[in-house]
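Notebook open, viewer up. I'm jotting down what I look up as I go.

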Amino acid sequence: MSALPKKADAVLEASHLTKIYGAGHTEVVAVSDATLTVACGEVVALLGPSGAGKSTLLTLIGLILSPNAGRIAIGGTVVFDNNRTQVNVRRFRRQHLGFVFQKANLLPFLTAAENVRLAMEINDHPARTATRRAAELLDYLGVGERADHLPSKLSGGEQQRVAVARALANRPNLILADEPTAALDSVRGRQVMELFRKVAHEQNAGVIVVTHDHRALDVFDRTFEMEDGVLHAADNAKQQGVVQ
Amino acid sequence: MNLAARDIRHNFGRFVLTTIGLGLLLMLVMGMGGIYRGLVQDATLLVDRIDADLWVVQKDTRGPFAELSRVPANLEDRVRAVPGVLSSRGFISTTIQRERNGQPLRMTVQGLSWPQDRGQWLPIVAGRALGQAHYEMIADESLKQPIGDKVRLGKDTYTIVGRTRGMTSPTGDSMAFFTLHDAQAIQFDLSGEAIRLERSARYERAKQIDLGRSQPQVIERSRGPSSGIPALGPPVISAVLVKVYAGFDPEKVRAVIAKWPDVSVYSSDGQRQLLVSGMVDKSKRQLGMFRTLLILVSGIIMALILYTLTLDKLHDIAMLKLMGARNGIILGLILQQALLLGCLGYVVAYVVGQWVFPWFPRRVVLTQDDMWLLGGVVIGISILASLIGIIKALRVEPNEVLA
């Protein structure tokens with residue numbers, strides 16, 4: 001497991017993030033004062049029971065929800081500070097972030113290749129460039145021969161690999177994956193986790209993976225745990241025990 | 001990449017069925033407009049074709065089509081004496097319904113002033129114009145009687161010698177053209193017993209007056225047909241059609257005849273206006289209301305269809321937003337589908353209408369102006385109908401992908 005990255009190498013610097021749902025009696029602190037830094041090429045796992053706040057933290061970092069407090073910088077750009085979003089959220093997302101979820105969430109009316117192409121065309125890449133890169137990525141992820149198939153004709157594993165290809169299409173600084181292996185068997189799940197590691201290292205992107213799957217923890221550079229909205233680094237010894 | 005086209009490709013069957021359904025609805029809208037145009041054309045057909053500059057009718061009536069008009073037959077001669085008049089001819093128009101081979105035979109009888117008017121101006125598609133003073137008729141093909149067929153009307157039998165196309169009356173009945181005298185015979189035909197009773201009554205009345213006693217010939221004439229009794233007989237033609245000399249101002253002739261206290265006179269345009277503003281007006285408003293409702297219904301149905309299509313895609317739209325897609329991409333997806341649906345529906349309406357409308361009992365006339373207007377309306381309702389879907393789509397939050 002790598003040491004904490006230097007600030008200059010950091011692709012993500014999130015500090016003191018807090019997210020509170022509801023108010024008064026119904027107030028729920030989903031994320032409490034969470035601080036997380038991810039370096040370029042680093043793969044980080046977020047563990048924790050259901051309702052611990054992992055997915056919420058991911059949506060805060062992914063600029064899907066706004067935190068109540070804290071600061072987020074991605075790739076050196078401050079995107080959230082002083083309770084305000086500092087960038088055009090959609091533009092920033094399409095240029096710098098990649099998302100993978102438990103469900104592949106591919107657009108059902110587009111083929112595998114078109115799903116990947118779309119991510120690039122949304123980001124104003126020419127169609128020809130997008131077509132070439134989509135083919136390269138799908139080949140790279142081992143689903144090149146399924147490029148012209150609709151999602152409904154792909155297996156769960158194939159769909160998830162297409163979703164990863166889509167997330168990588170725009171060469172994002174940071175990839176956010178929310179339980180990407182939950183719908184896959186252990187072999188496929190491990191393949192996807194290893195894929196993240198490969199991509200992170202080869203493309204120098206940071207990857208944060210929310211997972212319940214303790215079998216593939218050795219893939220990650222660092223592991224964090226969340227409990228009741230509080231984020232802390234996982235205990236190495238305990239972690240090793242789990243892995244064994 | 002065109003997402004709308006890709007989505008349609010994916011849901012092709014549903015899109016096709018939806019388009020056909022919408023197309024049939026638009027066909028009804030198109031048909032309503034066509035029926036209205038047909039009504040106007042039917043109403044003004046004869047006025048437009050008969051080549052008359054002026055129509056002289058019974059005083060204060062809007063005859064002969066808008067209402068009943070009766071003028072004496074000798075009016076034709078009086079009119080002919082007006083300076084500037086090239087020709088005048090009597091005209092009869094009356095609708096009859098008889099039974100033939102167990103089927104109703106309904107037609108508008110038009111009497112033409114033989115021998116000047118033989119119906120040569122009619123759009124005869126088979127056969128010929130009238131060739132003799134009696135017992136011949138020209139029938140419209142919508143009457144479905146072949147040339148050479150003999151039709152008994154009243155006490156006489158008429159041979160169909162010519163067929164016209166598209167000659168229907170303002171009420172949609174097929175027109176049949178006879179000589180004026182034959183038309184009168186058909187119009188005033190009475191049963192033998194009715195004639196006997198009428199003659200007998202006339203005879204008794206004539207005997208009781210001084211004139212009858214002093215002029216036995218009057219009593220004799222009273223035994224003859226009503227139309228043959230000068231002055232005492234009822235006016236027996238509907239109108240007199242006037243043609244003025246080329247270069248002569250019809251308005252001058254009209255001004256002269258308008259001073260006569262027993263008749264009213266209209267120009268062809270005036271007669272046309274009477275028909276359009278009188279006879280067709282209520283039908284026009286009725287059809288207009290119905291058409292507006294149909295457009296409204298089409299708009300609502302389109303909005304529902306597009307809204308449902310959008311609801312089906314909410315998750316995908318949330319994903320698009322999560323990926324950073326601009327609102328324009330999402331808006332384009334819905335709007336393009338709406339416009340494609342509207343435009344293809346319009347094409348379906350036109351194509352199916354071309355096939356279906358000729359089977360309608362009344363004429364359906366599609367004019368280019370109406371088609372452009374409806375096209376514009378369809379684009380308008382497509383855009384309006386897509387608004388609900390667009391609003392819904394724009395309100396979708398990207399975090400709904402996680403739901």
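In what order do the strands of the open sheet in chain A run? I get β2-β1-β4-β5-β6, 5 strands with antiparallel pairing. Before going on, I note that this is a predicted model, where local features need pLDDT of at least 70, side-chain atom pairs count only at pLDDT 80 or more, and totals for chains, interfaces and linings use all residues. Residues are numbered from 1 along each chain as its sequence is written, while chains are lettered from A and ligands numbered from 1 in the order in which they are written.

Sheet, chain A. Strands here are DSSP runs of E, at least two residues, and helices are runs of H or I, at least four, numbered from the N terminus. Two strands pair if DSSP finds at least two bridges between them. I looked at the edges: β2 (28-39) and β6 (84-85) of chain A each have a single partner strand, so one side of each has no neighbour in the sheet. β1 (residues 10-21) of chain A pairs with β2(A) over 8 bridges, antiparallel.

Helix α12(B). I see 30 residues (327-356) in this helix of chain B. Its buried residues include B:Leu333, B:Leu341 and B:Tyr346.

Methods: The expected span of a helix is 1.5 Å times one less than its number of residues. A residue is buried if 20 or more other C-beta atoms lie within 10 Å of its own, exposed if 12 or fewer, and partly exposed in between; C-beta atoms are placed from the backbone.
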